[in-house]
Amino acid sequence: MKGIIVGIDERPDKRHSSYYLLCIEGKGCSLMQLRSNFVLDAGSLVDAQIQNGVITNVEVEDTSAYPGYSGLIDAFVKIAVKKAIKDCGNEKLDAITNSMGKKIREAARVIAKKVMCAAPVFVRFHNDADGASGAYSLYKAIGSFSAKIGFSDNSKIKWKMHRSVAYSREDALEDLSALLGAVSVEKPLLVIIDFGTTEESNEGYEMIKDAADVIWLEHHPPRGSLKFAHMQHYINPWNFGGDSNYTAGYLTCELSRYIAEIDNDCEKEASLFGDHSIYAKGQGCGKDLATLLDLLTSDKSIAFASYESGLTPIDIHKIVSDKGKANELVEYANARMEEMIRHAMNIVRKRMIGESYVYVLDFSALREGSSNKFPLPGRFSTRMSDYIDGLGESGNILILTFSRYISIRIGERLRGRIDLNEVIDKVAKLSDRIESGGGHMSAGSIKIKEDSDRNAIIGEIIGVIRDMI
Ligand SMILES: [Mn+2]
């Protein structure tokens, strides 16, 4: 078998190292994970005899063949990754997708090439329905693409649910240390889905950018001076005539369709619904998947007996494939959400500003005595805001507090009149007690400094909003 050693997982005892052999012949391509009786170098062109997954005899033809071979891989990728994807039928979404099309396709090609070269890939996705549905779709696409080249090992791709809004220095250090022992002819790849568009990510990006290629799929409005916002694979609908209603999960779903022919309509709808997009239809499999992902990303232990906190798309796939279990979990999540909202409406404080109402809720009081982490405060505030919208008042704002966080939701009738990022900037100017903050136009959160007077800050938020409406 003639091919190139594209990657090695090195072990101290070389006999236990794994070698990845890529063979391209005509239109066919295969990638194999093998042991070897000989020590080989990444980038070598070899003619190998293989028995039971072990290289038993080998002729090394060229130890630095990779640069020449790279073009061959590019040519294969160009054919394997689609040139264009079909429209989905929603004109506005399709228009944004099409204007980003070239960039999405380029990113899809990068991912395909990394998979072919067994390069380490880290996918970090935001811990909500939007981020998780994007990751799940990408997982399906990579699985399908890998199968096409006869490769079933997915250990080169590490999925990590990300609980913060920034890609920090610590995150970069974690990713860098995970690269030890992995050798590939291609640089590792970091894929960020649905978080990170804030200045706090600058430091993490600076640390990782030389060691890995980065693909950043986002839909939060870019704010401040972002060192990564102009890099080749930063894709954000805000830069292409769209806004946050075109969700990051949806973007990832479209990218996935370039990589492989998969059905991801439910994931698309789940990402739109989960993030409250105006394009969400709010029914069918997407709504249930969003509920399920909200539950799983909040508290994995509700669905899995084993205690491992990180949720991966493999876990999601296990649940989604078991219809009975999935339905049971969706029912549970809906019932619990309803019960929490009922309870919240009993303890919420309500006051009037102008013709609108401001609701202030202490989330810790609501969750007291329960070890169940579902729902997390952020999405609870989104659902509660929906519920309040249904009351038919002329306008409403929900402010929810939990430990050092203040989460704000602008109700339906005030949307477009208040830009939360502007509110947060103004409050930050008034007060030196804000550690960080940001989000979308109508949904955002603030982290306050330790020992700050929360009520005083809430008072300032209400004051700023009052001046705006
Ligand atoms: Mn999102």
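Strands β13 and β14 (residues 396-402) pair in the parallel sense, with six bridges between them; strands here are DSSP runs of E of at least two residues, helices are DSSP runs of H or I of at least four residues, and both are numbered from the N terminus. Two strands count as paired if DSSP finds at least two bridges between them. Within this pair, L361 has L400 of β14 as its bridge partner. The model is a predicted one, in which local features need pLDDT of at least 70, side-chain atom pairs count only at pLDDT 80 or more, and totals for chains, interfaces and linings use all residues. Residue numbers start from 1 along each chain as its sequence is written.

β13 (residues 356-362) also pairs with β12 (residues 349-353), in the antiparallel sense and over five bridges. Here the bridge partner of K350 is Y359 in β13. The hairpin of β12 and β13 has two residues between the strands, and G354 in this hairpin takes a positive phi near 55 degrees. β14 is joined to β15 (residues 405-410) by six bridges, and these two strands run antiparallel. F402 has Y405 of β15 as its bridge partner.

Together, six strands form an open sheet of mixed pairing, in the order β12-β13-β14-β15-β17-β16. β12 and β16 (434-439) are the edge strands, each pairing on one side only. From one strand to the next the twist averages 15 degrees, with axes fitted as lines to C-alpha atoms, for helices over the stretch in contact, and angles running from 0 to 180 degrees between N-to-C directions. Helix α13 (residues 420-430) lies across β15, β16 and β17 (443-448), and runs at about 170 degrees to β16; contact requires that the C-beta atoms of two residues, placed from the backbone, lie within 7 Å.
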